[in-house]
Amino acid sequence: MTFSPRTPHSRAVSTAPHVSFAQTEQLHQLVGDWFIANARDLPWRRAECSAWGVMVSEFMLQQTPVKRVLPVWEEWMRRWPTPKDLAAEESAEAVRAWGRLGYPRRAQRLHSAAQAIVLEHHGDVPGTYEQLLALPGVGSYTAAAITSFAFGRHATVIDTNIRRVHARAISGKGLPNKSLNAAETRLAETLMPTDEQASCLWNAATMELGALVCTAKSPTCNICPIRHLCAWVAAGKPETEYTPQGQSWHGTDRQLRGAMMAVLREAHHPIPKELITNFSPDIVAPKNLLAVVKSLRTLGSSQEQIQRCYEGLLADGLASEKDDLVSL
């Protein structure tokens, strides 16, 4: 969604217990102005981007950084520019095109959502929070984000970046709680401008501030537009109650499942299941799969973990087996 410097800055719904009414208006103004001047030029923010393009970006950006999403999103939109285009494909093609974004079940859910959009909404992404929430794979955050960013309607968007800005600027805490609670939700709703355009700007701007400036581990407070209003800075930046930990990867089931999926994506046809379940050098891979099979086998996973992950892929519907042949 494109935001103009003429976008109005409006009044909040009510005053949060941690911040005065005047400060709330100042926050809206400063963060909005900063965003207009500093926001990244992302294709799903441009005026010409369809609601479907925004929806695809929101699915892909869950737990995945922008730099990894960009090339996949661009290829996805080239191949499937509308929900109807994706719905006409097999689910396996969506998973294959998902590449290495991780959490491939998101691709399945997006494919299911596309089918529902075609069947229930004549191929157009629905424009209300309630309709979006009813789609397969769409939770409260995603429904709010699409409502705001794709349709310019009032919705309270709460992601990790937004929660972190609120925690520091308003509550004086280094980090938000480990999981979203009712108090944080009330605060986010209280801080929302009532004007639709201003609310969309506030959602996008606060999220961007958290992503680029008010980061989890190394915030650059010296360039923050609201540092003089920040309760955490005013308190001397007290230590956080916990240290944010990146998700482990090496040796995990996620890593092994990802390596198995890489083989299946490259195969484009059913392959003997022993190619991904038996790491013996006696099992020879076809030439076109040599690289991905080698990467899988270098993990040195135990047979117990291999079997657990393989069965998990089958149970999740990410792979299917017939006559000892397996495919997406």
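In which kind of crossing does α2 pass α3? In this predicted model, for which local features require pLDDT of at least 70, side-chain atom pairs count only at pLDDT 80 or more, and totals for chains, interfaces and linings use all residues, helix α2 passes helix α3 in a right-handed crossing. Residues are numbered from 1 along each chain as its sequence is written, and side-chain values use heavy atoms, with hydrogens and water left out.

Helices (H or I, at least four residues) and strands (E, at least two) are DSSP runs numbered from the N terminus. A crossing is termed left-handed if the near helix is turned anticlockwise from the far one by less than a right angle, and right-handed if clockwise. Helix α2, residues 51-61, and helix α3, residues 66-79, pack at an angle of about 140°, and their axes are 10 Å apart. This angle makes α2 oblique to α3; axes are lines fitted to C-alpha atoms, for helices over the stretch in contact, and angles run from 0 to 180 degrees between N-to-C directions, with those under 35 degrees counted as roughly parallel, over 145 as roughly antiparallel, 65 to 115 as roughly perpendicular and the rest as oblique. The contact (heavy atoms within 4.5 Å) is made on the α2 side by W52, G53, V56, S57, M60 and L61, and on the α3 side by V66, V69, V72, W73, W76 and M77.

Residues S91, A94, V95 and W98 of α5 make the contact with R106, A107, Q108, L110 and H111 of α6. Among these, Q108 of helix α6 counts as buried at 14% relative accessibility, where buried means under 20% relative accessible area, exposed over 50% and partly exposed in between, computed with a 1.4 Å probe on protein chains only. Beyond residues up to four places away in sequence, Q108 touches S91 and V95 as well as D316, G317 and L318. The loop between α5 and α6 holds Y103, which has a positive phi of about 45° although it is not a glycine, and which is partly exposed, with a relative accessible area of 32% in the case of R79 and 26% in the case of Y103 itself.Charged side chains were examined next. A search of the whole structure finds 13 salt bridges, a salt bridge being a side-chain nitrogen of Lys or Arg within 4 Å of a carboxyl oxygen of Asp or Glu. One of them joins R79 to E93, with the closest N and O atoms 2.7 Å apart. Because R79 lies in helix α3 and E93 in helix α5, this pair ties together parts that are 14 residues apart in sequence. E93 also forms a salt bridge with R96, for which the closest N and O atoms are 2.6 Å apart; R96 and E93 both lie in helix α5, three residues apart, or about one turn of the helix, and both are buried. Elsewhere, the side chains of R163 and E184 meet in a salt bridge of 2.9 Å, N to O. This pair links distant parts of the chain, with R163 in helix α9 (residues 160-169) and E184 in helix α10 (residues 182-191), 21 residues apart, and both R163 and E184 are buried. Salt bridges that share partners join R79, E89, E93 and R96 into one network.

R265, placed in helix α13, residues 253-267, is buried yet has no salt bridge, and the nearest side chain of opposite charge, that of E266, is 6.3 Å away; in this assignment Lys and Arg count as positive and Asp and Glu as negative, whereas His and the chain ends are not counted. When residues up to four places away in sequence are left aside, R265 touches V95, R96, G99, R100 and L328. R96, a contact of R265, is also the partner of E93 in the salt bridge described above.

Two exposed positions complete the description. D323, in the loop between β2 (320-322) and β3 (325-327), has a positive phi of about 55° although it is not a glycine, and at 67% relative accessibility D323 counts as exposed. A291, in helix α15, residues 290-297, likewise counts as exposed, at 60% relative accessibility. A291 and V263 are 28 residues apart in sequence, and their C-alpha atoms are 8.9 Å apart in space.
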